[in-house]
Amino acid sequence: MPDFPIVDAHVHLWDPQHFPLLWLAGSPVLNQPYGLDEYRAHTAGVDVAAFVYVQVDVEAPFGLLEAQWAVDCAAEDPRLQGIVAYAPVEYGEQSRSYLQALVAHGPLIKGVRRLLQGEPDASFCLRPGFVSGVQLLAEFGLSFDICIRHHQLAAAIELVRRCPDVSFILDHIGKPDIKNKQLEPWRAQITELATLPNVMCKVSGVVTEADRQSWTPDDIAPYVAHVLDAFGQDRVAFGSDWPVVLEASAYRRWVETLDTLTAHFSPKARQQLWAGNARRFYRLSA
């Protein structure tokens, strides 16, 4: 367990009775409220100094309402220091009005995520409207969270290349096929992505890509080691992906597993992974 306060760069909060979350229907574990009280209970014994709220795929008409709800949650728990909100960037220049309304929610809005993992077209993010919409984020001082599956990595690399003025962070190490022990071409593509200076990587969502019932640290070790090596100590950030992580692991078990896998890190590298890099990327308060 880290012996200093950490920053959780990837937390979800939701109430299925408040916003429509159709994707929860197939999961008894997740299809229930997970709010601040539950987060406090699940993180007991872990010193979380700050965390970032990441949009939860509410139905699109509720996107701005979700952002305001997250701001309201931050008023209840000041550890919520950043919000990554939904935005329909695929509309290109027309998404400007949405982004203007989004940032009007205040300085807690740090970035945008438009989920790509479910798009049947692996190159959806390279459609002209999507690229121009992401490029707009630089004007608003917003970052972009890339949430994809491993077969979409090639397109994501090209998106990052086409948007050099935008800061990107890859969620869940690109969701490799850990369950089937498939390393390539994910490994080579991660190496290529890491050569681009405007992208970081979130070490999150790893255990849910393994065998959720029987994974071991050895199963995920090669994947974690590769992203840490490819991106280096200054461009990786811990994320819990709570409560989605609960489908494979308790919060504390994931923290302890990653802590064990990075036990060889220098004190500075540990501080960067567990806190410093997330604070810098999302511009969180000290």
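Leaving aside neighbours within four places in sequence, Leu-13 of this predicted model is in contact (heavy atoms within 4.5 Å) with Tyr-34, Gly-35, Leu-36, Tyr-39, Phe-51, Tyr-53, Val-56, Trp-69, Cys-73, Leu-80 and Trp-242. Leu-13 also belongs to the largest nonpolar core, which has 92 residues. A nonpolar core is a set of buried Ala, Val, Leu, Ile, Met, Phe, Trp, Tyr and Cys residues joined through side-chain atoms within 4.5 Å, where buried means under 20% relative accessible area with a 1.4 Å probe and protein chains only. Leu-13, Val-134, Phe-144, Phe-168 and Val-203 touch the most other members of this core. Another core, of 14 residues, lies apart from it and includes Ala-9, Ala-50, Val-54 and Ala-275.

Residues are numbered from 1 along each chain as its sequence is written. Local features need pLDDT of at least 70 and side-chain atom pairs count only at pLDDT 80 or more, while totals for chains, interfaces and linings use all residues; side-chain values use heavy atoms, without hydrogens and water.

Strand S1 (residues 6–11) pairs with S2 in the parallel sense over 4 bridges, pairing requiring at least two DSSP bridges between two strands. Ile-6 has Val-48 in S2 as its bridge partner. From S1 the chain passes through helix H1 (residues 36–42) to S2 in a right-handed β-α-β crossover; right-handed means that, with the strands pointing away from the viewer, the path from the first strand over the helix to the second runs clockwise.

S2 and strand S3 (residues 80–86) run parallel and are joined by 4 bridges. The bridge partner of Val-52 in S3 is Gly-82. The β-α-β crossover from S2 to S3, through helix H2 (residues 63–76), is right-handed.

Definitions and conventions
Buried < 20%, exposed > 50% of the residue type's maximum accessible area, 1.4 Å probe, protein only. Helix = DSSP H or I, 4+ residues; strand = E, 2+ residues; numbered from the N terminus.
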